[in-house]
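Trainee: I would like to learn how to read a structure feature by feature. Could you walk me through one?

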Amino acid sequence: MKAVLLDQTGPIEDERLRVADVDIPEPGPGEVLLRVQACGVCRSNLHMIEGDWVANGVPGKLPIIPDHEVVGTVAKIGHAVDGLFLGDRVGVQPLWWTDGTCEFCLSAREHLCWNKQITGETVDGGYAEFMVASAAHVHPVPELLTAVEAAPLFCPGITAYSAVAQARIRPGDRVAVFGLGGVGHMAVQVARAFGAEVIAADRNPLHLDVARELGAVSTIDVRNVDAGEALAADKGGVDAALVFAPSDVLTQQALYGVRRGGTLVLGVSAQLPRLAFFEAKTIVESVIGNRADMRRVLKLAEMGLVRSVAEPYPLDRAVDALRALKRGELRSRAVLTP
Ligand SMILES: [Zn+2]
Ligand SMILES: [Zn+2]
């Protein structure tokens, strides 16, 4: 099969990825082989490829086939698999496998599993014509979605859902979303589905356009405006802010723009300022989500409440898609179509 392999981490400009012919993998017990139809290109692919996460043990092996938001059809079924049939169309999210027995798996927080395997980071992912998935961790894809539309639900979709769910939003709340790339553009829609009025903040005019199309009531171009001041000037700030922009300055503005008693959800790492306890704000770190979250995202997509804005690329143009992502040239999500 054709696959895109990472041999060694380094700058994406240095041709770190190569397209190669490799053997089609065999599904083991509890696993299925998928014929990949679509595979979203995630910023975390870029982090892994460029070596940003080597200290965190990512990539977990080399060479590796990257990526973790994959839609494909079941092409072969391993032993001890129930409920899946040849030709079923399913999606794979970053959580490739969890042990099911640790304290986190037993408390509905399997995304924190001590022994988890991450698709495209510790096991081969979706930049290929075929990939192996753990049968217990795949999800049926709603029929009305194309594979290209559906693939981004499996990482930005679940990441956005889980972050919004932790923002304690009530209908009518005002919510600011900072950073409107792959995850942020989904978060705008999920927050609206929760009944919030959404304000979108970004430095990329393309992304602000997408946010307006998706129903943001107003936008803040952070190149010209201090978003914290702007939010605080209206009713003392928003009820919740979600940050997906990797920027300490924007994170600090987001915190300032949250009203007293409100919630800041971080989907990126950030340096926080000195915290003023007397405003009783809640700060939450959020990372992907569990399988129940994934099912809820797919339900929202099936109901037409969440859609991805995706641009298809052929598999052998993976590097072009990653470079466009790095340069901020994508409207939202590039999706490879092997
Ligand atoms: Zn991702
Ligand atoms: Zn576990």
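Mentor: We will take metal sites, cysteines, backbone angles, a crossover and a helix in turn. Keep in mind that this is a predicted model.

Trainee: Let's begin with the metals. Which residues coordinate the zinc ion (ligand 2)?

Mentor: To read a metal site, list the donor atoms and their distances. Here the zinc ion (ligand 2) is held by D99 through OD and by the SG atoms of C102, C105 and C113, at 2.1 to 2.3 Å. Along the chain, these donors follow the spacing D-x2-C-x2-C-x7-C. D99 and C113 are 14 residues apart, and both sit in the loop between strand 6 (95-97) and strand 7 (117-118).

Trainee: What arrangement do the four donor atoms around the zinc ion (ligand 2) make?

Mentor: For that, look at the angles. Four donors count as tetrahedral if all angles lie between 85 and 135 degrees. The donor atoms of the zinc ion (ligand 2) subtend angles of 96 to 119°, so the arrangement is tetrahedral.

Trainee: And are D99 and C113 buried or exposed?

Mentor: Buried means under 20% relative accessible area. D99 is buried at 17%, and C113 is buried at 1%.

Trainee: Now the other site. What coordinates the zinc ion (ligand 1)?

Mentor: The zinc ion (ligand 1) is coordinated by C42 (SG), H68 (NE2) and C155 (SG), at 2.0 to 2.1 Å. Since water is not among the atoms, sites may look incomplete. The spacing of these donors along the chain is C-x25-H-x86-C. C42 lies in the loop between strand 3 (31-40) and helix 1, while H68 lies in the loop between helix 1 and strand 4 (70-77), so this pair ties together parts that are 26 residues apart in sequence. C42 is buried, with 7% relative accessibility, and H68 is buried too, with 3%.

Trainee: With cysteines in view, how many disulfides does the structure hold?

Mentor: A disulfide is a covalent bond between the sulfur atoms of two cysteines. This structure holds zero disulfides.

Trainee: How should I read strand 11 and strand 12: in which sense do they pair?

Mentor: Compare the directions of the strands, then follow the chain between them. Strand 11 (residues 197-202) and strand 12 (residues 218-221) pair in the parallel sense over four bridges, with I199 opposite S218. From strand 11 the chain crosses through helix 5 (residues 205-213) to strand 12, a β-α-β crossover that is right-handed. E213 lies in helix 5 and is partly exposed, with a relative accessible area of 48%.

Trainee: Last one: why is helix 9 described as largely enclosed?

Mentor: Ask how many of its residues are buried, and then what covers them. In helix 9 (residues 318-326), seven of the nine residues are buried, so the rest of the structure largely encloses this helix. Among the buried residues are V319, L322, R323 and L325. Their cover includes strand 1 (2-6), strand 2 (17-21), helix 1 (43-49), strand 16 (310-314) and strand 17 (333-337). Just after helix 9, G328 takes a positive phi of about 70°.

Notes:
Residues are numbered from 1 along each chain as its sequence is written. Chains are lettered from A and ligands numbered from 1 in the order in which they are written. This is a predicted model: local features need pLDDT of at least 70, side-chain atom pairs count only at pLDDT 80 or more; totals for chains, interfaces and linings use all residues. Side-chain values use heavy atoms; hydrogens and water are left out. Donors are N, O and S atoms within 2.8 Å of the metal (3.2 Å for Na, K and Ca); water is not among the atoms, so sites may look incomplete. Four donors count as tetrahedral if all angles lie between 85 and 135 degrees; four count as square planar and six as octahedral if opposite donors are over 155 degrees apart and all others between 65 and 115; anything else is irregular. Helices (H or I, at least four residues) and strands (E, at least two) are DSSP runs, numbered from the N terminus. Buried means under 20% relative accessible area, exposed over 50%, partly exposed in between (1.4 Å probe, protein chains only). Two strands pair if DSSP finds at least two bridges between them. A crossover is right-handed if, with the strands pointing away from the viewer, the path from the first strand over the helix to the second runs clockwise. Contact means heavy atoms within 4.5 Å. A disulfide is a pair of cysteine sulfur atoms within 2.5 Å.
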